[in-house]
Amino acid sequence: MRFYLVVAVTLCASGTNIFGAFQEGATGDMTILMSKAVMDIFAAAIFAMALGFGMNLIVLPQFLILSLCFYAGKWMMSYLDPAAIQNFIAVGGLMTFILGLNIAKIKEVRAANLLPALVIMFPATAFFHLLGA
């Protein structure tokens, strides 16, 4: 059961998936989700050897989580200024780079620890916008 949760978090709630779904909803750019999908194909094949048929059950939470992120990004698009969108893309790109370091075993970082940066970025952008920066 614990292994299933690790696989579900890896395939459903990784920083790249969540950022990619938000970015596709906000800008229509799906390149991050497509590159993550290619990586997930190979990871899912490896995990399927251990989980067997149970691997098919991961599709449901992945669909729900990424759909919620997509529609939240689409909804937030009407309330955001271009600077906030650019900062969101920059933070997501930095997260993708850090996750690449994690995959290459250069630096050990948990993806869930990076996700608050996507939320903190919006008030920080508004704050700096008020300061005139």
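A residue counts as buried when its relative accessible area is under 20%, as exposed when that area is over 50%, and as partly exposed in between. With these cut-offs, 32% of the 133 residues of the protein chain are buried. The model is a predicted one, and the values below are to be read with that in mind.

## Overall fold

The protein chain contains six helices and zero strands, so that, by the run-based assignment of helices and strands, the order of elements from the N terminus on is α-α-α-α-α-α. The C-alpha trace of the protein chain spans about 55 × 35 × 25 Å along its principal axes.

## The cavity

Where is empty space left inside a protein? Rolling a probe the size of a water molecule over the atoms shows where empty space is left. A search of the whole structure finds one cavity of 30 Å³ or more, and the largest cavity holds about 50 Å³ of space. The lining of the largest cavity is made up of Phe22, Ala26, Gly73, Met76, Leu80, Ala84, Ile85, Phe88 and Phe122. Two or more of these lining residues are given by each of helix 2 (15–27), helix 4 (59–77) and helix 5 (82–103), and helix 5 has the largest share, with three residues. Sorted by class, the lining has eight nonpolar residues, one polar residue and no charged residues; Gly counts as polar under the classes used here.

On the surface, Val38, Ile41 and Phe42 form a nonpolar patch, and together they have about 330 Å² of accessible area. Val38 belongs to helix 3, which covers residues 31–51, and Val38 counts as partly exposed because its relative accessibility is 47%.

Side chains of opposite charge can pair when their charged atoms come close. How many salt bridges does the structure have by the rule applied here? The count comes to one salt bridge, formed by Asp40 with Lys36, whose closest N and O atoms are 3.1 Å apart. Asp40 and Lys36 both lie in helix 3, four residues apart, which is about one turn of the helix, and both Asp40 and Lys36 are buried.

Leu5 is placed in helix 1, residues 2–12, and Leu5 is partly exposed because its relative accessible area is 48%. Thr10 is also found in helix 1, and Thr10 is partly exposed because its relative accessible area is 31%. Leu114 is placed in the loop between helix 5 and helix 6 (116–131), and Leu114 counts as buried because its relative accessibility is 15%, with the limit for buried set at under 20%.

The table sets out, for each of these residues, a partner elsewhere in the chain, with the number of residues between their positions and the separation of their C-alpha atoms.

| Residue pair | Apart along the chain | C-alpha separation |
|---|---|---|
| Leu5 and His129 | 124 residues | 40 Å |
| Thr10 and Gly52 | 42 residues | 17 Å |
| Leu114 and Thr96 | 18 residues | 9.9 Å |

Note on methods: Residues are numbered from 1 along each chain as its sequence is written. This is a predicted model: local features need pLDDT of at least 70, side-chain atom pairs count only at pLDDT 80 or more; totals for chains, interfaces and linings use all residues. Side-chain values use heavy atoms; hydrogens and water are left out. On a 1 Å grid over the protein atoms alone, a cavity is a set of points where a 1.4 Å probe fits but cannot get out, and a pocket is an open set with protein on both sides within 12 Å along at least five of seven lines; lining residues have an atom within 4 Å of a point. Grid points are joined across faces, edges and corners, and a volume is the space filled by probe spheres set on the points. Patches are made of residues with over 30% relative accessible area and no salt bridge: like charges are joined within 9 Å, nonpolar side chains (Val, Leu, Ile, Met, Phe, Trp, Tyr) within 5 Å. Accessible areas come from the Shrake-Rupley method with a 1.4 Å probe; for residues, only the protein chains shown count as cover. A salt bridge is a side-chain nitrogen of Lys or Arg within 4 Å of a carboxyl oxygen of Asp or Glu. Buried means under 20% relative accessible area, exposed over 50%, partly exposed in between (1.4 Å probe, protein chains only).
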